[in-house]
Amino acid sequence: MTQTLQAIRGMNDILPIDAELWEQFEESVRDWLQAYGYRPIRMPLIEPTPLFARAIGEVTDIVEKEMYSFEDSLNGESLTLRPEGTASCVRAVLQHNLLYDGPKRLWYMGPMFRHERPQKGRYRQFHQVGVEALGFAGPDIDAEQIAMCARLWDDLGLDGIRLEINSLGHIEERARHRAELVTYLERNHERLDGEAQRRLHSNPLRILDTKNPELQDLVDAAPKLIDYLGEESLKHFAGVQQLLKDAAIPYRINPRLVRGLDYYNLTVFEWVTDQLGAQGTVCAGGRYDGLIAQLGGKPAPACGFAMGIERLLALWLDQGHRHEAVVPDAYLVHQGEAAGRYAFRVAEHLRSAGFSIHLHCGGGSFKSQMKKADGSGAQIALIIGEDEAAAEAVSVKPLRSGYEPPALQVRVSFDQLADHLGDILFPMEDDNGSI
Ligand code: ATP
Ligand code: MG
């Protein structure tokens, strides 16, 4: 026997029971984004490789080792499956000149691809909701994005997600800090691990972000970027903090929060939980005022964040939540050829009237069909035998208790069926649909 084919490691199928949860999550996310005036944008999954090299930075985990890049066999162009959305979003905004009439609030959702070692909460195809505000300079938009996240956690009923913030200042401030950091790390060269030694001159800030426990004391005592920030950067940071305080959103300043991507400046933030093991960051973002110019656009400030959907949903399930089962309004059983043709017509008629109908397909005895009806979770079984078909009627049998008075099986004519179902399923509503 040939072996069945398997999906690529780290790229998951999302099976119906989970996919329904994803859809409910996506619905909440859409409502939430709309409430803050964000509009959707959809970018391609594949982009020219130089976009990511330029936007994310050559000396980053993503560009150094995590990208799925390949050559277009037609013209030899190097292409990459997007590892994140910000670069594509900014590229699209510039390409279509979306900032011509002022700042924009945009969002997207979809798969991202990174060649990482698969483990719990870390996949090679994973999904993000990305939120970008382009053209806004003040600390109000940074704080609003953070407040948005707090509200989403609340909407979803998620507890225990902590907020950490930091400021990366401006480029000259980082340069001064970097010089002193390198001096400090060089003095302690023999204590660095291989990766840190390699990063020492290419990207020393990232050493502060190390996950190696043996380096923690060393990085704790390293020069802190926040001590090098100038007046303007401090004012922006204070502005963000004031708005967070006004909104009663608790936060911790984490001076070692530097973020993995090169394009950030000023505010950076992460939402972290202890309940997911090592992969505890569910959302991360910050300001990236230099990126638009770096990608060839007219300089404009920007701020954004992305959350990992897999991690958020894992947390949601871990915290004991369960999504509502998706069930049809009615399950339609039938037997005999005339009944089958009539049942098909009844099902379409009811769907036109707005009901969700699971039409039994594949034959079988009434008894086995009724078992399926019960298992479907539907409120109602609709039964069509030869008698019903001949009379252009349907027998309606409530499957769940809880009706007052208890509803019995009744025969209803085709013309009355939709109203009758409406009365059973939505007993409190009048004909206009209001309560
Ligand atoms: P990490 O430090 O965990 O590698 P990162 O800094 O690379 O994270 P970002 O690029 O900021 O992550 O992506 C934003 C969010 O997307 C993360 O906080 C996380 O929730 C999620 N995420 C990132 N990489 C993965 C992955 N490989 N699998 C699942 N989720 C991921
Ligand atoms: Mg990463």
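Predicted model: local features only at pLDDT ≥ 70, side-chain atom pairs only at ≥ 80, totals over all residues.

Visitor: Which way does α6 pass α7, left-handed or right-handed?

Guide: The crossing of α6 with α7 is left-handed.

Visitor: And which residues meet there, on α6 and on α7?

Guide: On the α6 side you have R178, V182, L185 and E186. From α7 come L200, H201 and S202. Sorted by type, the residues of that contact are three nonpolar, two polar and two charged.

Visitor: OK, switching to the ligand. How many residues surround ligand 1, and which are the closest?

Guide: There are 16 residues around ligand 1, and the closest are R114, E116, R122, R259 and T281.

Visitor: What does E116 do there, in terms of polar atoms?

Guide: One of the polar side-chain atoms of E116 sits 2.6 Å from a nitrogen atom of ligand 1.

Visitor: Which backbone atoms come in, and how far from ligand 1 are they?

Guide: Y123 has a backbone N or O atom 2.9 Å from a nitrogen atom of ligand 1. For V282, a backbone N or O atom is 3.5 Å from an oxygen atom of the ligand.

Visitor: How much of ligand 1 does the protein bury?

Guide: The protein buries 89% of the 580 Å² that ligand 1 exposes when taken alone.

Visitor: Which strands supply the shell around ligand 1?

Guide: At least two residues each come from β6 (125-134), β10 (281-287) and β11 (302-308). The largest share is from β10, with four residues.

Visitor: And how does that shell divide by residue type?

Guide: Around ligand 1 you get six nonpolar, four polar and six charged residues.

Methods:
Residues numbered from 1 in each chain as written. Chains lettered and ligands numbered in written order. Heavy atoms only, no water. Left-handed = near helix turned anticlockwise from the far one by under 90°. Contact = heavy atoms within 4.5 Å. Nonpolar A, V, L, I, M, F, W, Y, C, P; charged D, E, K, R; others polar. Near = heavy atom within 4 Å. Polar contact = N/O pair within 3.5 Å; in protein donor to acceptor, adjacent residues only side chain to side chain. Areas by Shrake-Rupley, 256 points an atom, 1.4 Å probe, with all protein chains shown as cover.
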